[in-house]
Amino acid sequence: MLQTYIVLYRYKAKGEKKPGPVRQFRIYAQDFDEARREANRYANYPDIEIVEIQAA
């Protein structure tokens with residue numbers, strides 16, 4: 001059964017002194033390890049930092 005996980009992330013654009021606000025998106029996964037792997041796969045863009053992953 002899939003569970004919902006909330007991924008908190010932050011984006012920092014080049015040339016900016018401070019990172020942007022913390023934002024969130026949902027991931028549906030079987031367990032926490034799968035949610036972490038999926039979050040890392042989705043965050044494979046430059047300048048994205050994963051702040052926290054938590055069960056919803």
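Predicted model: local features only at pLDDT ≥ 70, side-chain atom pairs only at ≥ 80, totals over all residues.
Ring pairs link Tyr 9, Phe 25 and Tyr 42 into a cluster. Residues are numbered from 1 along each chain as its sequence is written. Local features need pLDDT of at least 70 and side-chain atom pairs count only at pLDDT 80 or more, while totals for chains, interfaces and linings use all residues, and side-chain values use heavy atoms, with hydrogens and water left out.

**The Phe 25–Tyr 42 pair**

- A pair of aromatic rings is described by the distance of the centres and the angle of the planes.
- For Phe 25 and Tyr 42 the ring centres are 6.1 Å apart and the planes stand at 65°, so the pair is edge-to-face (planes under 30 degrees apart count as stacked, over 60 as edge-to-face and the rest as tilted).
- Phe 25 sits in strand β2 (residues 22–29) and Tyr 42 in helix α1 (residues 32–42), so the pair ties together parts that are 17 residues apart in sequence.
- Phe 25 is partly exposed, at a relative accessible area of 28%, and Tyr 42 is also partly exposed, at 38%. Here buried means under 20% relative accessible area, exposed over 50%, and partly exposed in between (1.4 Å probe, protein chains only).

**Fold and dimensions**

- One helix and three strands make up the elements, and from the N terminus on they run β-β-α-β. Helices (H or I, at least four residues) and strands (E, at least two) are DSSP runs, numbered from the N terminus.
- The C-alpha trace spans about 45 × 20 × 10 Å along its principal axes.
- Among contacts (heavy atoms within 4.5 Å) between residues at least 6 apart in sequence, 53% join residues at least 24 apart.

**Surface and charge**

- Of the 56 residues, 18% count as buried.
- The accessible surface comes to about 4,500 Å², and carbon and sulfur atoms account for 47% of that surface.
- There are 10 positive and 8 negative side chains, and the centres of the two sets lie 8 Å apart. Lys and Arg count as positive and Asp and Glu as negative, with His and the chain ends not counted.

**A backbone detail at Asp 47**

- Most residues other than glycine have a negative phi.
- Asp 47 has phi near 70°, a positive value in a residue other than glycine.
- Look for Asp 47 in the loop between α1 and β3 (48–55); this residue is partly exposed, with a relative accessible area of 34%.

How values were computed
Areas by Shrake-Rupley, 256 points an atom, 1.4 Å probe, with all protein chains shown as cover. Charge placed at Lys NZ, Arg CZ, Asp CG, Glu CD. Phe/Tyr/Trp six-rings, centres within 6.5 Å; stacked < 30°, edge-to-face > 60°.
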